[in-house]
Amino acid sequence: MLFSSPIFLFLFLPLVLAGNFALPTRWRNAWLLGASLLFYGWGEPIFALFMLLSIGANWVFGLSVQRLRDRPSRAKAVVALAVVFNLGLLGYFKYADFVWEQLGLALHALGVIDGPLPRAGILLGDSEFVTTNLITQAGAIRLPIGISFFTFHALSYVIDIYRRDSDAQQNPVGFALYLSLFPQLIAGPILRYKDIAPQLSTRKVTLDGFAYGVRRFVVGLGKKCLIANVCFVPVDRIFALGAGELTTELAWIGITCYCLHLFYDFSGYSDMAIGLGHMVGFRFRENFDMPFVSRSITEFWRRWHISLSTWFRDYLYISLGGNRVAAWRASFNLILTFTLCGLWHGASWNFLIFGFLHGVLLVLERRPAFARVLEWPVLPHLYVLGVLVVSWVLFNCRDLAHAGWFLGALGGAGEFSSVLHPIGRHMQPVHWCALVAGVFFALPYASRLAAWRDGVIASSARSPRAQALQVARTAALFLLFWFSAAELAGSTFNPFVYFRF
Amino acid sequence: MSTAGRTSTPKHDIVLIVLFVASLVAPVIDMCVRPMEARTPTVELRTPAPVPTLEPTLESVATLPVRVESWWKDFFGLRDLLIGMRSYTYWYGLRSSPTPEVLRGKHGWVFFDGNENIACDRGASPLSTQEVDAWVKLLGARRAWLEARGIKQLYAFVPSKLLVYPEEAPEWVKILGPSRLEQVLAKLDPSWNADVVYVKEGQLAEKQADTPDDPAWFPLGTHFCDRGAFRAYGEIMAKLHEHFPSLSPEPKSNFKSMPAPRQGDTWAKRFYLDHVMLQSIKVLVPTAPRHAVALGGLPDNPRSDQDRLDGARGDEPRILVFHDSNAERLRPFLSEHFREVLWIWRSDFDIDLVESWKPDLVLFLFGDRFFLLTSPTLDPRIQDVKSDFDAASEILLSFDPVKNQPPLVPQEGALVEPRDGATWIWTPGASDTVLLPRFEPPPGKTPYLHLSIDSPWETDLHLMFQTHAEPSWARRRAMPVGLHPGLNEVYLALSTPDLNGALLLRPGRRGGKYRVLALELRAAGE
């Protein structure tokens, strides 16, 4: 189920909120757990069982690590087992196809086999259960939604206990809720157990907390429905154009819309997750902080998908020795961490190169000469935007060849004539509006305006100006909600030309 | 950690929460207050999702969420009002079209762009030379087949609205070359002169008489109004006169032009804006008595309609019309001239029907889109694809229907189930499809497909294919085949170059249970 779907917004959410407030406090975890499993299993019930398996195994790992804390080598062995179990599942579901395919290509290149290997999923057999639940039509392994997120939640849990940052959750319902809590289940922010543990046993929904949650949720919904989804319409069409059809101007419009789509889609989801968390009493980490104002890639990763970059920092980079090793080794650690961070986004060479590129740039940015350049005016922003454009071309292209000629088109090597694909064919006024709004709200002006408004309210909440600002904000949120709902309804609007045709 | 710093007073927080909760439950309240019929999406001209039911089977339980969500998407409260609000904002506020199916032209004129219709109309998506040749070959084979049975034929083509009103199209729409139809017409030799009529010039002339309340075409629709239709009718009758000298069109004085009591062809209803988005049009009301009587459709063919002339002399011809939506406004005029008219709304040629009904003439009445939506696919009894298939030796795909292996994969709401020695495909509606197992197209060879399929009714099967250059599903990369109730042996030549091996099958326009008994792909040729 998705937040931006009518069934979530107008059925699931009101029922969950109603149940959460109607039930006594001691039943709320069980209620939210049930809702979360329903939310997760809605589209693919089989994977709810898989989620339960992961919950059971990691709960046992956590208890075992806690019990063996006084015997570090054994505790470490259990942590290793948990890492192998969780990364094994992630590796199997997310990367086995890719690795298998690369193996086949390598064996073919070496002349060991005549043609490509069959898809990895074929190895599971051809029973009805397998073909309907576990593999795709093409024989690829089906990916449980959100696996990358809850695998990291599980790892954070076991490692936090091992590091004595928190104690194991004795109550299986509490632990299951941590792993499956629906607001953050399928697209983050990535939780740390130590942050959530106290909230699993004691949390309070306050009036201002709930109102804050509503505001974040509605803003997130608006970002997703009114900017991200609208910007994606031209993206979908422009990235589908062939090499001989793509003009340079279309390539730039396409990548700009894609940048905005990616940012508003993801940050909108995070806003909704944080808002929903507040509505049921949870506090999650912030995940975005105006990433497009960054002056370096290092700064960008402090502002973009913060919960992921800090997870990699805390659980991988630091575990590899972090900065407390020789300079060359620290550089290696950084590149390795970001290459794996790239691979976390998906199993393809595009993501691997994306991560590697960012790792290398982070190492370079530590060089004094480079750091000095980053202090110049304007240029650092252009540098960051340039890197992001290249990165996100890699993100959205089918393969490296596609990325190659798309980048070529951006560089001016696109189709010269635009008669076949004029801009108007792909960009209606509504798309231009979403693009302009997207650019405006990605810059600091809107948040400065919000900060000014909050300052006025905080200084004298009952003054006429503060009252007017609050009324205006509530009205704006109300309109934002209903315009977003109209876009959601529009996504179900599917007119046919002729009934009988 | 995200924090809820105090940036509002409790009074404003309460107002916000009340508004939010009220907004969340408003659709459910609407569902309790207004009847379901008031919210039905049938104005979108499609079959709404059925009410989900739960059977005591694992499959039913497993698919329940998908079915519930499909139903909810179609019937959740306030849906119609929300879509109307969105359409209004798009159309009037942002001067954009709320659906990719149509473009918003100048002065709010609607232009159809489903299946990239506009690209085809403006010559940006032309047929290849091979495709044009394949069409000419197909039309020739069909003509020979009809002539051998003593049946006359006429192709009447209606231009797209864009070709009649290019000045009303959005600024970026420039005509680059001939449309697909015009490409094919240019390739037909003079022997076709008596058998083809393209009514574009007449429509351009008729447009000159437009007034704000009497356009020749519907500004908010995609077809001609009565006045444009009457002009086309005159041109078609002139051609029919060459085949049947006793036929001549009625004079326009037999009709009176009056303001239309209804909106007619308009997208406003589909935008849920029928009370807001209005157009001024006129209709032609007959002043003389009418003689054609509508008899309804054939029993087994939901896409058929029949007209019979009341008090016919007996020497009037009987005609069979294969048509698209352009026939709707021509029907009242044309039916007055024939002893019987059988109207069949389908784009392919049903030879069984021709042989059983034995018309004096077959009229093919289509718009420009005919060459966008269909491929030059002949019935195997006219073009012997079966022999080509039988002669092909290289097997590309062999499907086991007993086990559904390699599997047919259901898309949208379709279900696939191997049972009783066959693979069953259950489709709730026209948009439900199954992916066929992917195959490797051998370079330089033509793949031939054989499908043995049991259909519950008279319908059309569509086989869609992708190319490396266009790896997506589109109606213009689809081959339609007519299916009869019972077992059908379908043979198709996939002669389009650059296939990437992906195939999508829509068993029929009508939902139902289709049984696949055999599926095989072979390749032949160099």
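**Entry 1**

I started at β7 of chain B, which pairs with strand β8 (residues 304-309) of chain B in the antiparallel sense, over four bridges. I looked up one bridge in this pair: B:Ala294 has B:Asp307 in β8(B) as its partner. I note that this is a predicted model.

Next I traced the whole sheet. It is open and has seven strands of chain B, in the order β4-β3-β11-β9-β10-β8-β7. The pairing is mixed. I found β4 (196-198) and β7 (292-296) of chain B at the edges. Each has a single partner strand, so one side of each is left without a neighbour in the sheet. From one strand to the next, the twist averages 20°.

**Entry 2: around β11(B)**

I moved on to β11 (361-367) of chain B and asked which strands pair with it in the parallel sense. β3(B) does, over seven bridges. Strand β9 (residues 318-323) of chain B also runs parallel to β11(B), joined to it by five bridges.

I picked one bridge from each pair. B:Gln153 has B:Val362 of β11(B) as its partner.

Is β11(B) mostly covered or mostly open? I found it mostly covered, with six of its seven residues buried.

I then checked what lies over this part of the sheet. Helix α9 (residues 226-243) of chain B lies across β3 (152-158), β4 and β11 of chain B. The helix runs at about 160° to β3(B).

**Entry 3: the five-stranded sheet**

I turned to another open sheet in chain B. Five strands form it, in the order β13-β16-β21-β18-β19, and the pairing is antiparallel. Its edge strands are β13 (409-410) and β19 (478-483) of chain B, each pairing on one side only.

β13(B) pairs with strand β16 (residues 434-436) of chain B over two bridges, in the antiparallel sense.

**Entry 4: where chain A meets chain B**

Last, I looked at the contact between the chains. How many residues does each chain give? Chain A gives 64 and chain B gives 63.

I listed the chain A helices that supply at least two residues each to the side touching chain B; among them are α1 (6-22), α9 (207-239), α10 (248-279) and α21 (464-491). α21(A) gives the most, with 11 residues.

I also sorted the chain A side by residue type: 41 are nonpolar, 13 polar and 10 charged.

Methods. Residues numbered from 1 in each chain as written. Chains lettered and ligands numbered in written order. Predicted model: local features only at pLDDT ≥ 70, side-chain atom pairs only at ≥ 80, totals over all residues. Pairing = 2+ DSSP bridges. Axes fitted to C-alpha atoms, helices over the stretch in contact; angles between N-to-C directions. Contact = placed C-beta atoms within 7 Å. Buried ≥ 20, exposed ≤ 12 C-beta atoms within 10 Å, placed from the backbone. Nonpolar A, V, L, I, M, F, W, Y, C, P; charged D, E, K, R; others polar.
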